[in-house]
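I opened the notebook to look up how the chains are built and how two of them meet. The entries follow the order in which I looked.

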Amino acid sequence: MEQVFGNVALACGLIIALGAIGACIGISLMGGKYLEASARQPELMNELQVKMFILAGLIDAAFIIGTGIAVWFAISTFLK
Amino acid sequence: MYLNATLLAQITVFIILALFTMKYVWPPIVKALDERAAKISEGLAEAERGRQSLALAAKHSAETMREGKEKVADMIAQAEKRADQIIEEAKVQARIEAEKVVAAAKSEIEQEAARMRESLRGRVADLAVAGAEKILRREVDAKAHAEMLAAIKQDL
Amino acid sequence: MATGHEAATSAPNAGEYVLHHLGNLNSSGHPQTSMVDFSIINYDTVFFSAALGVIGLFLLWRVARVATSGVPGRAQAALEILIEMVGNQAKAIVHNEQSRKFVAPLALTVFVWVFLMNSMDFLPVDLLPFLWQTITGNPHAYLRVVPTADLNGTLGLSVGVLLLCFFYNIKIKGLGGWIHELFTAPFGNHPLLYLPNFVMQLIEFTAKTVSHGMRLFGNMYAGELLFLLIALMGMAFPSMSPFGGSLLWLGHLVTGTLWALFHIFIVVLQAFIFMMLTLVYLGQAHESH
């Protein structure tokens with residue numbers, strides 16, 4: 001049983017961590033580009049902001065789905 | 001994480017709600033929006049027309065004003081010219097009149113002088129004769145010197 | 001938990017608490033065990049989603065019924081902003097006047113409905129379950145109040161969108177045209193490519209639908225779990241030493257507030273993204289490859 005606990009803990013950590021890495025890189029790339037773009041063309045700022053938030057939601061989704069599943073695994077394993 | 005018949009119920013509810021929105025929520029609002037847009041564009045067009053006619057009226061009035069001013073200026077200039085002309089004419093008239101008067105006076109004076117001279121001539125001759133008579137009463141015979149006296153008289 | 005006193009009052013431990021909250025009120029009476037079982041229906045998801053849909057649309061209908069083209073009231077102005085926003089997005093994505101008559105109201109429905117369902121997350125996690133347990137007199141009665149944190153709820157929506165995609169594919173391209181496209185796009189029209197094309201199309205439709213539903217579900221499910229975990233912190237308050245308990249209680253206060261504030265953003269954003277993706281998928285159904 002301890003073996004299972006350990007594996008589940010590792011798996012949950014990996015799911016969340018890898019998802020977080022990907023999402024953070026994605027968000028930072030997009031955020032940086034957004035700042036560059038709005039520095040170059042401030043008149044497009046509002047329009048770009050809306051699109052950026054939509055993309056942020058899309059990028060975040062995979063990570064949050066992973067987090068949800070990982071937390072679900074963790075709870076159903078450790079808190080029973 | 002478990003799938004069951006709720007899925008089908010959810011699809012049904014979804015379609016029903018969407019149909020309801022399509023029938024009862026969307027059209028009235030869109031209609032109101034379209035109508036308002038039409039009203040606003042109409043109002044804007046109206047305002048534009050009003051602005052144009054106002055500009056037209058302003059232009060027109062400015063033109064009339066300018067015309068009036070020009071006319072007045074014209075009139076004044078004409079009047080001044082006319083006045084100058086009248087004065088000039090009057091001056092010329094006066095000069096002519098004055099010259100006429102002067103000429104008349106001159107000729108009168110000349111006539112008078114001629115007449116005076118005529119009469120004086122006669123008188124001088126008489127006087128000279130009388131004076132010479134008185135002087136020469138004794139020395140000269142009037143008959144002897146008549147020729148000389150006539151020459152003198154001629155010279156006077 | 002550590003003391004015998006806790007066990008005696010049969011208070012649930014942390015795992016039981018969370019798992020109990022993740023159990024749906026369904027027709028079988030206990031949480032579902034197999035992954036797929038179409039003989040079971042979740043009463044709570046159906047009830048709350050239908051109720052929220054009806055309430056939301058009733059409010060919109062109330063406003064729309066007395067809509068005037070003159071000076072609008074506040075409610076009408078707000079609804080107009082919403083409708084213009086949705087209408088503009090629909091106009092930009094779906095290039096078909098006739099279809100927009102249904103697609104744009106559909107997008108509005110999706111946005112309002114998903115927003116309302118997501119917003120159920122803001123109610124205290126124990127409020128409605130506690131009321132339900134009091135009403136039924138059963139302290140173990142199950143109830144989940146967030147329909148979008150139930151995979152059935154979100155997949156129901158995305159499968160509905162998928163069906164509409166099929167409908168519009170057939171309507172615009174004709175049944176033959178659509179089948180032709182299924183086998184000739186995206187790689188090209190060649191007998192050898194028919195199978196890869198069809199497989200690709202199947203994968204595309206499946207991926208679209210699953211990611212569409214899973215995205216919303218994952219966000220709401222993770223949000224609900226976090227609210228449950230935060231609630232556990234506050235619940236631990238009486239069973240711990242005064243100092244540690246107070247810290248946990250304070251932690252509940254701070255993290256609960258922060259997460260709720262962030263969740264407002266997520267709720268609106270996910271509703272908006274769900275609407276946008278609905279429009280995009282329906283727009284794709286109108287375009288031939």
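Which residue of β1(C) stands opposite B:Asn4? I found C:Asp37 in that place, facing B:Asn4.

Conventions. I noted that this is a predicted model, in which local features need pLDDT of at least 70 and side-chain atom pairs count only at pLDDT 80 or more, while totals for chains, interfaces and linings use all residues. Residues are numbered from 1 along each chain as its sequence is written, chains are lettered from A and ligands numbered from 1 in the order in which they are written, and side-chain values use heavy atoms, with hydrogens and water left out.

Strand pairing. I looked up the partner strands next, and strand β1 (residues 3-4) of chain B pairs with β1(C) in the parallel sense over two bridges. Two strands pair here if DSSP finds at least two bridges between them, and the elements themselves are DSSP runs numbered from the N terminus, helices being H or I of at least four residues and strands E of at least two.

Interface of chain C and chain B. I looked up contact, meaning heavy atoms within 4.5 Å, and 55 residues of chain C touch 31 residues of chain B in this sense. The buried area, which is the accessible area (1.4 Å probe) that two parts lose on being put together, summed over both, comes to about 3,900 Å², with carbon and sulfur atoms giving 76%. In chain C, the residues that lose the most area to chain B are C:Phe38, C:Ser69 and C:Asn152, together 17% of what that side buries.

Polar terms. I then looked up polar contacts, each a pair of N or O atoms within 3.5 Å, where within protein one must be able to donate a hydrogen and the other to accept it, and residues adjacent in sequence count only if both atoms are side-chain atoms. Between chain C and chain B there are 15 residue pairs in polar contact, both residues at pLDDT 80 or more. The elements giving two or more residues to the side of chain C that touches chain B are β1 (36-37), α3 (43-65), α4 (74-93), α5 (97-119) and α7 (151-184) of chain C, and α7(C) gives the most, with 11 residues. By class that side has 33 nonpolar, 17 polar and five charged residues, where Ala, Val, Leu, Ile, Met, Phe, Trp, Tyr, Cys and Pro count as nonpolar, Asp, Glu, Lys and Arg as charged, and the others, Gly among them, as polar.

Salt bridges. B:Arg36 forms a salt bridge with C:Glu80, with the closest N and O atoms 2.8 Å apart. Within chain A, A:Glu47 and A:Lys51 form another, at 3.8 Å between the closest N and O atoms; both lie in helix α2 (residues 45-78) of chain A, four residues apart, about one turn of the helix.

Chain outlines. Chain B has two helices and one strand, in the order β-α-α, and its C-alpha trace spans about 195 × 25 × 20 Å along the principal axes. Chain C has nine helices and one strand, and its C-alpha atoms fill a box of roughly 75 × 60 × 35 Å. Chain A has two helices and zero strands, its trace spanning about 60 × 15 × 10 Å.

Terms used
Salt bridge = Lys/Arg side-chain N within 4 Å of Asp/Glu carboxyl O.
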